[in-house]
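Work through the exercises below with the structure open. Try each task before reading its solution.

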Amino acid sequence: MNKFLQLGEVLESIEQHSDQSSLYLTLDEGWNERTRCAVLESDPDEIAEPLFATEHGLEYALGIHSVRDVIDNVRQQVTQPSLRILQQGLGVDP
């Protein structure tokens, strides 16, 4: 589904996103929980960015599998981490 999300929403609901998806956002701004982003399906045979991303000035940031790996690592270290701790694990400004 092509729609805007907030980065905090994506981090808190990472289990709902396919490993075939990627996180797209604006790379020229600092990231925080309100950063506008999109989780878009990636076509391994397609070199170009998804149309939704290019139409809205979003760029590839990370594969969802990489985001999930970071979040899983944080959750192994901290029981029930807050959104702030998840953000710090990903290098996002709280």
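## Exercise 1: A helix residue and its distant partner

Leu 11 sits in helix α1. The model is predicted.

**Task.** Decide whether Leu 11 is buried or exposed, and find how far its C-alpha atom is from that of Val 67.

**Solution.** 
1. Take the accessibility. The relative accessible area of Leu 11 is 0%.
2. Apply the cut-off. Buried means under 20%, so Leu 11 is buried.
3. Now go to Val 67. The two C-alpha atoms are separated by 7.9 Å, although Leu 11 and Val 67 are 56 residues apart along the chain.
4. Val 67 is itself one of the buried residues of α3.

## Exercise 2: The sides of α3

**Task.** Check the span of α3 against its number of residues. Then work out which residues are buried in α3 and which exposed residues the face turned away from them carries.

**Solution.** 
1. Start with the span. α3 has 14 residues, and at 1.5 Å a residue it should span 20 Å.
2. Compare with the model. The end C-alpha atoms of α3 are 20 Å apart, so the two values agree.
3. List the buried residues of α3: Ile 64, Val 67, Arg 68, Ile 71 and Val 74.

## Exercise 3: Salt bridges

**Task.** How many salt bridges does the model have?

**Solution.** 
1. Count the pairs with a side-chain nitrogen within 4 Å of a carboxyl oxygen. The count comes to three salt bridges.
2. Take Arg 75 and Glu 15. Their closest N and O atoms are 2.4 Å apart. Arg 75 lies in helix α3 and Glu 15 in the loop between α1 and β2, so the pair ties together parts that are 60 residues apart in sequence. Arg 75 is partly exposed, at 31%.
3. Take Asp 19 and Arg 68. Here N to O is 2.0 Å. This pair also links distant parts of the chain, 49 residues apart: Asp 19 is in the loop between α1 and β2, and Arg 68 is in helix α3. Asp 19 is partly exposed, at 41%. Arg 68, at 16%, counts as buried.
4. Take Arg 34 and Glu 33. The closest N and O atoms are 2.7 Å apart. Arg 34 counts as exposed, at 53%, while Glu 33 is partly exposed, at 23%.

## Exercise 4: The largest pocket

**Task.** Which residues lie nearest the centre of the largest pocket, and which element gives the largest share of its lining?

**Solution.** 
1. Begin with the volume, about 240 Å³.
2. Count the lining. It has 14 residues, and Met 1, Lys 3, Leu 5, His 17 and Val 39 lie nearest the centre.
3. Assign elements. α1 and β3 are those that give two or more residues to the lining. The largest share, three residues, comes from β3.
4. Sort by type. The lining divides into five nonpolar, six polar and three charged residues.

## Exercise 5: A positive phi

**Task.** Where is Gln 80 found, and is this residue buried or exposed?

**Solution.** 
1. Locate Gln 80 in the loop between α3 and α4.
2. Read the backbone. Phi of Gln 80 is near 50°, a positive value in a residue other than glycine.
3. Check the accessibility. Exposed means over 50%; Gln 80 has 75%, so Gln 80 is exposed.

Note on methods. Residues are numbered from 1 along each chain as its sequence is written. This is a predicted model: local features need pLDDT of at least 70, side-chain atom pairs count only at pLDDT 80 or more; totals for chains, interfaces and linings use all residues. Side-chain values use heavy atoms; hydrogens and water are left out. On a 1 Å grid over the protein atoms alone, a cavity is a set of points where a 1.4 Å probe fits but cannot get out, and a pocket is an open set with protein on both sides within 12 Å along at least five of seven lines; lining residues have an atom within 4 Å of a point. Grid points are joined across faces, edges and corners, and a volume is the space filled by probe spheres set on the points. Helices (H or I, at least four residues) and strands (E, at least two) are DSSP runs, numbered from the N terminus. Ala, Val, Leu, Ile, Met, Phe, Trp, Tyr, Cys and Pro count as nonpolar, Asp, Glu, Lys and Arg as charged, and the others, Gly among them, as polar. Buried means under 20% relative accessible area, exposed over 50%, partly exposed in between (1.4 Å probe, protein chains only). The expected span of a helix is 1.5 Å times one less than its number of residues.
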